[in-house]
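The following exercises are to be worked with the sequence and the three-dimensional structure at hand. Each task is followed by its solution.

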Amino acid sequence: MNAPQKPENLNAPHTNAAWHQRRLDATPRGVGVMGDFFIDHAKNAELWDIEGRRFIDFAGGIAVLNTGHVHPKVQAAIAAQLQRFTHSCYQVVPYAEYVALAERINAIVPIEGQVKTAFFSTGAEAIENAIKIARSSTGRSGVIAFGGAFHGRSLFAVSLTGKVQPYKAGFGPFPPEIYHVPFPAEGASLDETKRAMDHVFKCDIEPSRVAAIVFEPVQGEGGFNPIQKEAVLWLRQLCDQHGILLIADEVQTGFARTGRMFAMEHYGVSPDLMTLAKSMAGGTTLSAVCGKAAIMDGPAPGGLGGTYAGNPLAIAAAHAVLDVMAEEQLPERAQRLGARLVAHLNGAKAKYARIGGVRGLGAMVACEFVDAAGAPDADTTKRVQAAALKRGLLLLTCGVYGNVIRYLFPLTIEDSVFAEALGVLDAAMAETLA
């Protein structure tokens, strides 16, 4: 065994090209990286790379930074906790802040009756534990999800995911008794989804063996597709009829992104379980499963947890995030900024035939790009993304066909920076779509 080597000086060589090559040499290709530049520091909706170039961040670490980069209150909360302790493992030596955060979450999630919450580390981990809780509580095994869904990259979570490339390709076989039906997005056919669900019940698994139906109120990786309100009501009735648990995956939609603290508030329907993560803790690693108390108490002691689950630094950050959400009225700000962006994109749609549609809920906004025949056009989407990046605006794509650009700016973004970003977007579209 070779002796441990002293790390090279991180400041030399200090170029993006050098670090890009070192990344290719040191890390596997399966960890796909969009940018060929490396971040040095950031503040709110802006970041700077190691060569001093400035970018406006409309990616938000994939919906993690609703409160922006290094929000002062989040930063202060983490710093204060760092002086006290960084880890004890909650299951070994508990800490009051975990319990207090659970109480705060229980009080605000749109779930009827007494609610309990358990904390984990990632969105995928939350989904895995939600399924464990559902199976333990119901004594059933089947799970139904939707085409176009994204629920994570761990093996069971990726099995629930309804998008093959790049998430499922080459990783099978997958766990059994997972079924997919078409997602009833706004504008899609709910009757088609109902027929597919009936087919599953007739041909694959009887309803009495289905533990849960899991869905995203607005699909994230699937293309920022809001579910129909009528579909959520139907799912609630279907689950009540057959004793199935309804799980709302709010990993990406939660914490003010859609103009409400949680997207389920738009639908007036109470799920049995919810999964939370991403913008919950200001960029630190924290997720949660919350749900009706009797269901959450299904697993026996020791059945839930994790060494790092509910990390103290992340718990402190989450308390600060909840404070910021209330003090800065971020749900309301999401509505205003989202409406402004939708209007701007609809203006661009009137100019460019390649913009096929604009949609969103609150500040969870996306536009899709199509070719001359109206078919999904991933190449044009990539060109718009690249043209914006060249001008310093960081955008992400999504959608089953890769033809959607999503806009995940921090909800704390300054008005002047937001206006600047829209100007950059206009220039990128003019270059690629005119």
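**Exercise 1: A loop with two prolines**

P166 lies in the loop between helix 6 and strand 6, where helices (H or I, at least four residues) and strands (E, at least two) are DSSP runs numbered from the N terminus. The model is predicted, so that local features need pLDDT of at least 70 and side-chain atom pairs pLDDT 80 or more, while totals for chains, interfaces and linings use all residues. Residues are numbered from 1 along each chain as its sequence is written, and side-chain values use heavy atoms, with hydrogens and water left out.

Task: Determine the form of the peptide bond from Q165 to P166 and of the one from G172 to P173.

Solution. 
1. From Q165 to P166 the bond is cis, with omega near 0°.
2. From G172 to P173 the bond is also cis, with omega near 5°.
3. P173, too, is placed in the loop between helix 6 and strand 6.
4. For context, most peptide bonds are trans.

**Exercise 2: Two helices in contact**

Task: Describe how helix 4 and helix 10 pass each other.

Solution. 
1. Two packed helices are described by the angle between their axes and the distance between the axes.
2. The axes of helix 4 (residues 96-108) and helix 10 (residues 312-327) come within 9 Å and cross at roughly 35°; axes are lines fitted to C-alpha atoms over the stretch in contact, with angles from 0 to 180 degrees between N-to-C directions.
3. Residues of helix 4, including L101 and I105, meet residues of helix 10, including I315 and L322; contact means heavy atoms within 4.5 Å.

Conventions. Left-handed = near helix turned anticlockwise from the far one by under 90°.
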